[in-house]
Amino acid sequence: MKICRFKTRQGQVRIGLITDDLELVDLTPTVTQLQPLLESDNALDQLTRLSKQNLPRVDLAGVQLCAPVERQEIWAAGVTYLRSKAARMEESDFGAAAYDKVYAAERPELFFKALAEKVVGTGEAAGIRRDAKWNVPEPELALVLNTRGKIVGYTIGNDMSSRDIEGENLLYLPQAKIYRRSCALGPWIQMGVTEAAAREWKIRLEIHRNGASVFVGEISVGQIKRRFEELAGHLFRSQEFPHGAVLLTGTGIIPPDTFTLQERDEIEIEISGIGLLRNTVMLV
Ligand code: DO4
Ligand code: MG
C-alpha cells in the first residue's frame with residue numbers, strides 16, 4: 001500500500017492512496033492527514049476499505065506529489081554500510097578514527113537532518129551549497145516511524161552532503177548536512193512491508209548532466225549493517241517525537257572522489273520496492 005500527499009491545481013494539499021496499477025485515489029473526503037494513518041494499528045485494513053469505496057480517482061501522471069511528511073523531524077543514520085565507512089575515512093585525516101569506531105560501536109551515528117517543512121519532494125530542486133566544492137547526493141532508504149517509534153512505512157531519502165566541509169573537520173558536519181533544500185523525500189510512503197522484505201530491495205542512483213548519464217551506482221538494502229529496529233530504538237532513547245519521525249538509514253553508494261554535483265544535474269534514486277525520487281540540482 002502506498003500513501004502520498006499531492007497538490008491540486010488550486011494549490012490544496014490532499015492525501016492519496018496509490019493502487020497497484022498506479023492510479024491515485026483521493027482520500028481527502030475521509031482522510032485529511034497522514035499522521036492518523038501512521039498512528040493507527042489497522043491502517044492497512046482501513047486503506048483496503050477506502051480503496052473499495054467510490055472515492056475520486058486522479059491520473060497520477062498529472063498530479064504534483066509533495067514530500068510525504070507533515071510535522072515529523074527528519075533524522076539520519078551514518079556509516080551504516082562498509083562502503084560509507086571506507087569513503088569517510090579516506091576523505092578525512094582528522095575524522096578517520098571516529099568513522100572507523102562508529103561503524104563497529106554499539107551506539108550508531110544519528111544526526112538531525114531537517115524539519116518537515118524544509119524537505120523537498122520529488123520533482124523539486126535539491127540544493128548544493130555555494131560555499132562547498134564537493135557536493136554529492138546520498139541515496140538512502142528512509143524509515144517512517146510513528147510517535148511510538150514503530151516502523152510503519154518506508155520512503156526514499158536523499159541526504160545531500162558537502163563532502164569537503166564534512167572532511168575538513170567533523171565539527172562541521174551539521175553545515176555539511178543541514179542547509180536549504182538538503183533533504184529530499186518521496187515519492188510516497190510504502191506501508192505494510194517487513195524489514196526482511198525491505199532488505200531484499202535494491203537502491204539505484206543515476207545522475208544525468210545535459211541529458212547524459214554521468215554516474216550510476218547500485219547497492220542492496222541488505223548490506224546495511226544494523227537492524228532497522230536497532231536504529232529506530234536508538235533514535236527514540238531519551239527522546240520523544242510528538243509528530244513521529246523519519247530516519248534515513250545511511251548511504252552505500254558513493255560516487256568517485258573526482259565527482260561533484262553541478263547546478264541543473266538530475267538525480268534519480270530508485271528503490272525497487274518503493275518507486276523513484278527525482279530532483280534537479282539548485283545552487284543555494
Ligand atoms: O558522518 C558522516 C555522515 C554519514 C552519512 O550520512 C552516511 O553514511 O550516509
Ligand atoms: Mg547519509
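Which residues coordinate the magnesium ion (ligand 2)? In this predicted model, the ion is held by Glu138 (OE), Glu140 (OE) and Asp159 (OD), at 2.0 to 2.1 Å. Donors here are N, O and S atoms within 2.8 Å of the metal (3.2 Å for Na, K and Ca), and sites may look incomplete because water is not among the atoms. Along the chain, the donors of the magnesium ion (ligand 2) follow the spacing E-x1-E-x18-D. Distant parts of the chain are linked in this way: Glu138 sits in the loop between strand 9 (135-136) and strand 10 (139-145), while Asp159 belongs to strand 11 (residues 151-159), 21 residues apart. Helices (H or I, at least four residues) and strands (E, at least two) are DSSP runs, numbered from the N terminus. Both Glu138 and Asp159 are buried, where buried means under 20% relative accessible area, exposed over 50%, and partly exposed in between (1.4 Å probe, protein chains only).

Residues are numbered from 1 along each chain as its sequence is written, and chains are lettered from A and ligands numbered from 1 in the order in which they are written. Local features need pLDDT of at least 70 and side-chain atom pairs count only at pLDDT 80 or more, whereas totals for chains, interfaces and linings use all residues; side-chain values use heavy atoms, with hydrogens and water left out.

Next comes a pair of helices. The axes of helix 3 (residues 82-91) and helix 4 (residues 96-104) come within 8 Å and cross at roughly 165°; axes are lines fitted to C-alpha atoms, for helices over the stretch in contact, and angles run from 0 to 180 degrees between N-to-C directions. Helix 3 is therefore roughly antiparallel to helix 4, a label given to angles over 145 degrees. From helix 3, Leu82, Lys85, Arg88, Met89 and Glu91 make the contact, and from helix 4, Ala96, Tyr99, Asp100 and Tyr103. Contact means heavy atoms within 4.5 Å.

The backbone also deserves a look. Most residues other than glycine have a negative phi, and most peptide bonds are trans. Val79, although not a glycine, has a positive phi of about 55°. This residue lies in the loop between strand 6 (73-78) and helix 3, and Val79 counts as buried because its relative accessible area is 3%. Arg181 is not a glycine either, yet has a positive phi of about 65°. Its place is the loop between helix 6 (173-177) and strand 13, and Arg181 is partly exposed, at 24% relative accessibility. A cis peptide bond, with omega about 0°, joins Gly186 and Pro187, and Pro187 is found in strand 13 (residues 183-191).

Two loop residues complete the picture. Arg199 lies between helix 7 (195-198) and strand 14 (202-209) and, at 18% relative accessibility, is buried. Its side chain reaches the backbone oxygen of Arg226 at 2.7 Å. Beyond residues up to four places away in sequence, Arg199 touches several others, including Ser220, Ile224 and Phe228.

Thr147, in the loop between strand 10 and strand 11, is partly exposed, with a relative accessible area of 27%. The side chain of Thr147 makes a polar contact with that of Glu39 (2.8 Å). A polar contact is a pair of N or O atoms within 3.5 Å; within protein, one must be able to donate a hydrogen and the other to accept it, and residues adjacent in sequence count only if both atoms are side-chain atoms.

Note on methods: Angles under 35 degrees count as roughly parallel, over 145 as roughly antiparallel, 65 to 115 as roughly perpendicular and the rest as oblique.
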